[in-house]
Amino acid sequence: MPDLSDIKHKLGLGDEGLAGLGHNIITAPIEELVKWARRRSLMPATFGLACCAIEMMATGTAHYDMARYGMETFRASPRQADLMIVAGRVSQKMAPVLRQIYDQMMEPKWVISMGVCASSGGMFNNYAIVQGVDQVVPVDIYAPGCPPGPETLLHAILALHEKIRTGELTQRRDVTGRGAEIELGPEYAPDAQPEPVVIRTGGLYE
Amino acid sequence: MSEPTASLEETPETVELSEELNNNAEQLHGVPVTDSRGQLVLHPSAGSYHDLIELLVEEGYDVCIDLCGADYLGNGTRVLPASVEPERFELIVNLLDVRTPRRLRIRVQVPESEPMVATISGIHPGAEAMEREASDMFGLCFEGHPDPTPILLPDGWEGHPLRKDFAIGSIPVQFKAVEGR
Amino acid sequence: MTTLDHLRNRDAVLRMSEVEAEERAAVVDPDDERMIINMGPQHPSTHGVLRVTMELEGETVLRSKPIIGYLHTGMEKTAEDLTFLQGPTNVTRMDYASPLFNELTFSLAVEALMEIELPDRATWIRMLMCELNRMSSHLLFLATNGMDLGAVGMMIYGWREREEILRFFEKVTGLRMNHNYIRPGGVAADLPDGWRDDVRSILKILPERLDQFDVLMTGQPIWRERTQGVGVITTEEALALGATGPILRSTGFAWDLRRAMPYLAYDQVEFDIVVGTYGDTFDRYAIRLNEIRESMRIVEQCLDLMPEGPYRTQDRKVTPPPRARIDESMEALIHHFKIFTEGFKVPPGEVYTAVESPRGELGCYLVSDGGAKPQRMHIRAPSFVNLQTLPHMMYGGLLADAIAVISSIDPIMGEVDR
């Protein structure tokens, strides 16, 4: 593979790829226009799983009204969506489905992790729930709450709008968010089980 | 079909339980019976459980409201009649008679060495999904079940989560680093 | 032919594993018009993560099977790790459309095990909040049912009314959903001042809004065509499958635990049981719409009959002391500490309590070994059992009717999968 680094540097690409291109008087407004269009018409994919889905629906209806941000059309097909609001707890059985739906979405796409169960496993720190949906998909905004009220979700959406407005168009994200990168000791190995329960004396088992 | 004991009065709304109903001597349909906070509990053996359910349907308990398992590994504190041998697993069936109306509970001791009982989905089709859940969660086998596939757990899951020797699976909570932005 | 034979012979349940279904689907036989398709778990018309595999012949649904487990949270395992006071936080997230009912059935089970008496005001507050929750849950049903069947505006209308009730819940419990308000021993806090005015304002606006729903849906020919005669089930089938709630009542059988086995103070208020005739989707919709009206009647009676007194039991071993007392009394501080760290101990025993949730009989089987945490907690979820009627209701109908049927069962996957 020929060494292209010096050519890249001369063209102004560097390590940031296209983002390193300096904008001129013509391309800068176009970028602003594209980012404006993207953030003002985000189309969420329906990914309501549990209780947070109810609050997500409440955000979409008349009282809190996501339609003023152009987002009331929840697209059932992930091909037509560009925002996935993971609303609810993701179980082990659902995690591959979540990844599949995420992969079916077209770039550019964003993920809001709504609620504590999606952000970190929430109160369900057990065998059944994925401890944070960023183990599976890269997350842009985390919205805490159990469930987050519609105001919190709207705040998360507006934060995402800010992120789109100030962000670079062509920055690529890691394939997964890699989660919390917790190093688990050997006692958390899949086949490691805790000490057997000591049978109490005096019980019916005696 | 044996007659219920004379001390058991049944009014149209509730089942009145007499004070003489003690834990050891009373029998109903040939199985020991106890009283738990005013609720009637029968304790058949794993072999006679299916026939008892059929008998109770004729008695009027035609709705199987709930079927679940329980794991008593290492835990001796439970109320059982003296004639009933405690085992590790229990199968609990709650029945409902909508005409009277009244409720009844059945607890079957299921040994760990042979966790198999007959299915009652032939008598109560509604028990089919409940039995699948009990077999997923505890590893109980229901002989003759029409669809013994996992219901709640993913395919290929090893272990039975509600057993006491299955760890809850919690991981240490750490705070995720937020990149400066 | 008995009901059981009828259910068996109809062969409505697609009993094969997912692997077999995929293999069957992969084999393409040009003469065979039947195909097995998969709907869900992510789909706009399923209520939560329900997956249904259907065997279709053209547009007609023959056999089907609901596949669940996509929201399995291990709540029954988590319950063995939480004290009895923390229990309601866990169970409240099962049926998240009517969370107060989960808390109620768990609290009633704990109180039955402990054999403690509650003050009247606690009972009546619970009844008031539960009936309001029934109203908000049925409004959610009307909204999602309408949207599934095409009346998309119903989504906006249903939530508009629901917001009024949720605002009252936020005022009383602090949260819009998953309140953790009904706890063993009573309720978490007293009703705030002026609650009667808030409830009256809800009761004032609802009747005309419900009439608007009648205009939009009940009398409308398209709605009737889509729901009448769709998803029919008979009483015997429903009882054999264990279905309760609006599904059983739609068949004409007037079974409501509030009337048959009263709990709380339901024997002191007047209300009617709404019953259908044909056991179809329209009946279930109409039952839920009218149950809102019946719940409004109960709430109005609660306004007048609400007794004064403490809102939770005074037994200090169970109920935390008032916060002000902690500064004054050492004993209060110790009680507070013990209750919130170790938890109160419940005498050994087992009990099954049931309440009538908007979906059917919601039961809690609770076993205590004398400690501060349950030995076993099992929630008998109505949607889990009601979903078994799905194949029998969908049999012989069209694919579009399948959506109507799923919607009319009103499953909440949180309690199905637990």
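Six salt bridges link chain C and chain B, a salt bridge being a side-chain nitrogen of Lys or Arg within 4 Å of a carboxyl oxygen of Asp or Glu. One of them joins B:Arg105 to C:Glu350, with the closest N and O atoms 3.0 Å apart. On the chain C side of this contact, strand β6 (residues 349–357) gives the most, with five residues; strands here are DSSP runs of E, at least two residues long, numbered from the N terminus. That side of chain C is made up of 23 nonpolar, 10 polar and 16 charged residues.

This is a predicted model, in which local features need pLDDT of at least 70 and side-chain atom pairs count only at pLDDT 80 or more, while totals for chains, interfaces and linings use all residues. Residues are numbered from 1 along each chain as its sequence is written, chains are lettered from A in the order in which they are written, and side-chain values use heavy atoms, with hydrogens and water left out.

As for the extent of the interface, 49 residues of chain C meet 53 residues of chain B, contact meaning heavy atoms within 4.5 Å. Together the two chains bury about 4,100 Å², 55% of it on carbon and sulfur atoms; buried area is the accessible area (1.4 Å probe) lost when two parts are put together, summed over both. C:Lys77, C:Glu350 and C:Tyr352 supply 16% of what chain C buries against chain B, more than any other three residues.

Then there is the confidence. Chain C averages a pLDDT (the predictor's confidence in each residue, from 0 to 100) of 89, and 96% of its residues score at least 70. The model scores ipTM 0.86 and pTM 0.87.

Conventions. Helix = DSSP H or I, 4+ residues; strand = E, 2+ residues; numbered from the N terminus. Nonpolar A, V, L, I, M, F, W, Y, C, P; charged D, E, K, R; others polar.
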